Each structure stands twice: as structure tokens, then as C-alpha cells.
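Please look through the model below before reading on. The numbered points that follow are notes to keep beside it.

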Amino acid sequence: ATPGDTGRPGPAEATLCTQAAAQTPPRPGPPSAPPPPPKEGHQEGLVELPASFRELLTFFCTNATIHGAIRLVCSRGNRLKTTSWGLLSLGALVALCWQLGLLFERHWHRPVLMAVSVHSERKLLPLVTLCDGNPRRPSPVLRHLELLDEFARENIDSLYNVNLSQGRAALSAPVPRHEPPFHLDREIRLQRLSHSGSRVRVGFRLCNSTGGDCFYRGYTSGVAAVQDWYHFHYVDILALLPAAWEDSHGSQDGHFVLSCSYDGLDCQARQFRTFHHPTYGSCYTVDGVWTAQRPGITHGVGLVLRVEQQPHLPLLSTLAGIRVMVHGRNHTPFLGHHSFSVRPGTEATISIREDEVHRLGSPYGHCTAGPEGVEVELLHNTSYTRQACLVSCFQQLMVETCSCGYYLHPLPAGAEYCSSARHPAWGHCFYRLYQDLETHRLPCTSRCPRPCRESAFKLSTGTSRWPSAKSAGWTLATLGEQGLPRQSHRQRSSLAKINIVYQELNYRSVEEAPVYSVPQLLSAMGSLCSLWFGASVLSLLELLELLLDASALTLVLGGRRLRRAWFSWPRASPASGASSIKPEASQMPTPAGGTSDDPEPSGPHLPRVMLPGVLAGVSAEESWAGPQPLETLDT
């Protein structure tokens, strides 16, 4: 055998050995033992690995279902084609990874689609809140309010040279027996705020308790400046009222609503809820459980209302008319944000179209199904709305920052309203905090998500003069019997008629849907894999199998190299004085089943190693298994 020979005969040698054995006559002698049973053929192991990475790649490219893989091995003799197809496959892989990256990036942003559908069914009419715009002046603080009116006239007179004191008595309100102590802060007055390079602005100045930090509240409109300045002092005075005063003062005189009907039938008194707003006056909420049968003006709510102008200085509002707001059931009406005005002497028809909005929650968006999962505790005893949450959040921050609450909002437990008699610098703290709210620097926006389900009302209004010149006589005479004054020649300006109807019974449902749900994401990934490689899910499993086989082959070959390096490392010579025992040639272990007569030099040998089944397919040249039986040729 040559040094490169492995000791295993080739197929031709094995055939020759078999034929020679058959032609050799049997030798005389004692009967031999029965021959051993014939060896079975090679059995495939549970897991087999190729002998090299080249063989592994060739097998994969030949049998894989990925398009173009076979071109890497079928044209091995033509290096130009092999290189070209290799570059094309690499470019397709890069393009596939790039598009998959874009796809996953869009998926991780969680985009949504708005699906709009139209439904037709009977709907309950929403609630309608109406206010007369004539706030009452509480008797416990009536004298303080008259002092404020006098102070307002002085400020307007000094700024615009307008004398508003002509024809008015000095102070006509009697001093109540239990008047709360109050001192009007005359340091907070209207003034011109001049800025270089800009228009002259009008406003007022608010300072903290030490006077070291001052805040200027300025406006380019003098009307807005006067109203905001007056409203600040007005709320400051109302905060002196006891907490139970509003409940005892909630009765209404009943002259605001002159007539009410729905679908030709008169309304009942129990279908109205009344309350008093410090800015918008006496308010009525039409709370009838009415189902719209048909659209149109004859199948809605019709109201005839009485409009009054407040006799004192009208600095809270410059509008003459009725404040109207349409809102959902069990929702708090925030008249300062979502209401509109109806002028006197007109008939206004308010057509309602309802939209239902359904939003997706996490991870596609930030919405809530109710107040349970919201960080802010609602101060209103109504259903959750985002506006109610924002107001509650601001009031709680107001109590934490300024040690008191704003009068127009409900109070948390244990807090009190802000008043200069108890908190001299509350105005500076309030306007600083309110400015942060306007510029979205407060955490209220993130703490108050939108509802996952809500109804949005789209309103359209048409107005006409009412009553007409021809029908004014008998119309006003009829209404005069219901409390309308007869002697005034401007009776038309003291009336307003409002019709509230559904524009159509069809309503739109706007639902959010994910752009990439799990089935759609898998479909998009499959389309990209099919476009660039013609691959499917099974093709991806073939790639996974290739990676596992390559990893296992790397571990096996790496382990073999480590073993070879270990056993080829030179051993240390025996210590001096130690006897060297040389075994007999017959006792020397022989590699690959040879005898002691083999001319190969002896050396250190491994004991037999039983390799796991994963190594069963490795070639015998690299195996450290036990000796293999060889067929020999008898000579």
C-alpha cells in the first residue's frame, strides 16, 4: 500500500478478491467453522452529513426549489456564467432584504386605514343645551360685583376716553348681612403694553407673591383684553361664595322656554334639566328620549325661546342671542368649547348628521374604552370624554401647583377655590399654567386619550327672519299670553325659534383597520420572496435546513481539527532514570486493522471512540472510528 492509500480496496480490487477466492480449491485439513453471516449493505444513519462544504452546497443547489440556485452548479465548467449567476443571486438577495426591511419598518409604525360604511336605522336624538346668556348676580357678592363694574369703567375710560358712568347711579346694591370679606386688587388693571417692532397691545400684569416674577397677559384686540381682564376679577369674586350656594340657587323662573314640541306633541317638564352657568346664564338641557322616525323639520324638536339682555355692564360677553350646544347623552356640555350662538328675531334650523368613530387600541393607537384605564380621575359625574379628562387634569395640576382650584371647574376632594382673599397670587400661577396648556407643555394631552368609540355630530344651520312682517302681529300677541311683554316695540328682538332635526337617518361608521395585519404581512412577505426568488414557505425551510447542516458540519470538522492538533502535539520525554519499556511488536496496536508486521512506524493511538449518529455519514478518511475489516488477496 502506498502512503496515500487508506487501506480500503477499491471496487475493482474487491471484485478481483472475490473471484480469486472462488477459484482457489479448498485445502485439506480439519473442518473449519461455519462461515460468518454475510454483511448487510450500508445502512443510512438517522442524520447524515456530507464530507465537505462543497458537497453540501452542491446538493442544496441541485435539489432546492429556489429559482436560479441550480445555475450555480450546472455551469461549473463555465466560470463566466457561474460568476454572473452568483452576482445576480446576490443582487436579488440584497433587493429582497431591502424591501423586507421597508415592509417591516412600515409594519412597526402600525399604520391604520379608515374604513367608512353607511348604515340606516332609527337613532335617538342627541341632547341639546340652550343658555340665555344672562348670568345672575349672586346676592352675597352683589356689592363686590358693582365695585368691579365701577373699576372697569375707570379702566376703559382711562384707555379709550369713553365715559360709561353717565346716567348710572353710584352703587345701588344694599350691603348684605353676611357679606364675605373681599378687597379688589386695583394693582391688576388694564394698561397698554408697548413692544418694539410690533403693534401696541392691551393687557394686564400679574405678579407672584413676592413681586419678583411678573406675567403679562396681552392682546392685540382691546375687546378680548377687556373681557379677559373682567372675567378674571369676576371669577375671583365668585370664588367667595359658599359651596352650597349654587344648589340653593338652581331654581329657574320658567320664562326662557315659551313653547316646546316634538313630532307635533308638546314637551313635558320632566324632559328638561336646568342649571346655572356663571358665564352663560340660565341653561336648559332638552333630555327627552325621542327616537327619530323620519328626517325632516316636521319630525324634530321645535322651541320658541325668550331672549333677554342683561341690564348691567355687558363685559362677560358682547353677543346678543342664545347659546346652543348639541352633545351626546350623559356627556358634560362644555359651552366654552363646542357651542354656537343663535341671534334673536330669527328661526334657526339645526340639521344633525351623526358619525360613529371606532378606533383601534394598542398597539395601533392610544385610546380608551372608559375612565378605568386613564391616569386622570374624572371630576365630572358623566361618561368619559376627552374634554372632560383635559379639564379634570388641568384642575388637578392647578390644585397641585397653586394650592387651589379654578372656580369654573369641579374641585377634587379636600381642595378649595382660588380667591385673592385666600391666595393673593393665584392669578399669576393660573395664567402660567394655562399658557403651558395652550402650548401643549402639560402632560394632560398624553394622559387623556381619545375614546375608542364615540359619536361625532356634524351640524348644519339655516336661518331666516322670524316672525315675518305680515305674521308678526298675531304671533307676538299669541306669545304675549305666555309671558312675553306686550308694551315693547322691539318684541321681535326678544324672540328666537330653533328647530332641531335629523338631516337623514343614514349615519356613517368610521372604523380603523390595520394596514398590515398578520395575514396581510405574511402575504406581502410571500409576494416579495416569490418576486425575487420564486420561493415559498418550503423554500425557506430548505434554507433553514442548509444553515443547520452547515452549522453541524462546522462543529464536526472543527472538533476533528482540534483532536488532530492535540494528538500531533509532541510529548515530553520520560524522566532520567526511568526505564523505557518497549512493547513487543505483537502487542503494538495497529491502525486500521493491520498487523504488527506493517512497515508503518508505531506511535500514540487513541482508544476507540463511538461517535454519535450525526457523524455516521462522514467519510472514513477523516474518521477516528475503530479498525475496518479489509478483504485480502491470497497469493
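1. Not counting residues up to four places away in sequence, which residues does Trp229 touch? The contacts of Trp229 are Phe151, Ala152, Asn155, Ile188, Arg189, Leu190 and Phe204. Please keep in mind that this is a predicted model.

2. On the overall make-up: the protein has 635 residues, and 35% of them are buried. Its secondary structure comprises 14 helices and 20 strands. Among contacts with a separation of 6 or more, 73% are between residues 24 or more positions apart.

3. Trp229 also belongs to the largest nonpolar core, which has 52 residues; together with Tyr230 and Trp426, Trp229 touches the most other members. Two or more residues of this core come from each of helix H5 (142-160), strand S5 (201-207), strand S6 (214-219), H6, helix H9 (386-402) and H10. H6 is the biggest contributor, with nine residues. Both domain 2 (117-136 + 250-479 + 494-513) and domain 3 (140-237) supply residues, so the core lies between them. As background, nonpolar side chains in soluble globular proteins tend to be buried together.

4. A separate core of 29 residues lies apart from the largest one; Val257, Cys267, Ile322 and Val342 are among its members. Two of these names, Ile322 and Val342, return in point 8, where Ile322 stands opposite Val342 in S14.

5. How many aromatic pairs does a search of the whole structure find? The search gives 18. One of the pairs is Phe232 with Tyr431: the ring centres are 6.0 Å apart and the planes make an angle of 50 degrees, so this pair is tilted. Phe232 is in helix H6 (residues 222-238) and Tyr431 is in helix H10 (residues 426-438), so the pair ties together parts that are 199 residues apart in sequence. Phe232 and Tyr431 are both buried. They also belong to one aromatic cluster, whose members are Phe204, Phe215, Phe232, Phe394, Tyr406, Trp426, Phe430, Tyr431 and Tyr434.

6. Rings also meet charged side chains. Lys123 lies over the face of Tyr507, 4.5 Å from the ring centre. Over the ring of Tyr160 sits the charged end of Arg192, at 5.6 Å from the centre.

7. Leaving aside residues up to four places away in sequence, Ile237 touches Val141, His144, Leu145, Leu148 and Phe182. Ile237 and Pro180 are 57 residues apart in sequence, while their C-alpha atoms are 9.6 Å apart in space.

8. Strand S13 (residues 322-327) deserves a separate look. Six of its six residues are buried, so S13 is largely enclosed by the rest of the structure. In a regular strand, side chains alternate between the two faces of the sheet. In S13 both faces are covered: Ile322, Val324 and Val326 are buried on one side, and Arg323, Met325 and His327 are buried on the other. S13 pairs in the antiparallel sense with strand S3 (residues 127-131) over five bridges, and Leu127 has His327 as its bridge partner. S13 also runs antiparallel to strand S14 (residues 340-342), to which three bridges join it.

9. Strand S7 (residues 257-262) has two partners to check. With strand S12 (residues 301-306) it pairs in the antiparallel sense over five bridges, and Ser259 has Val304 as its bridge partner there. With strand S8 (residues 265-266), S7 pairs in the antiparallel sense over two bridges, and Tyr262 stands opposite Leu265. S7 and S8 form a hairpin with two residues between them, and in the turn Asp263 has a positive phi of about 55 degrees.

10. Last, where is His358 placed? His358 is in strand S15 (residues 346-358). Its relative accessible area is 13%, and His358 is therefore buried, since the limit is under 20%. Not counting residues up to four places away in sequence, His358 touches Cys452, Arg453, Ser509, Val510, Glu511 and Glu512.

Terms used:
Residues are numbered from 1 along each chain as its sequence is written. This is a predicted model: local features need pLDDT of at least 70, side-chain atom pairs count only at pLDDT 80 or more; totals for chains, interfaces and linings use all residues. Side-chain values use heavy atoms; hydrogens and water are left out. Rings of Phe, Tyr and Trp (its six-membered ring) pair if their centres lie within 6.5 Å; planes under 30 degrees apart count as stacked, over 60 as edge-to-face and the rest as tilted. Helices (H or I, at least four residues) and strands (E, at least two) are DSSP runs, numbered from the N terminus. Buried means under 20% relative accessible area, exposed over 50%, partly exposed in between (1.4 Å probe, protein chains only). A charge sits over a ring if NZ of Lys or CZ of Arg is within 6 Å of the ring centre and within 35 degrees of the ring normal. A nonpolar core is a set of buried Ala, Val, Leu, Ile, Met, Phe, Trp, Tyr and Cys residues joined through side-chain atoms within 4.5 Å. Domain bounds come from an automatic or database domain assignment. Contact means heavy atoms within 4.5 Å. Two strands pair if DSSP finds at least two bridges between them.
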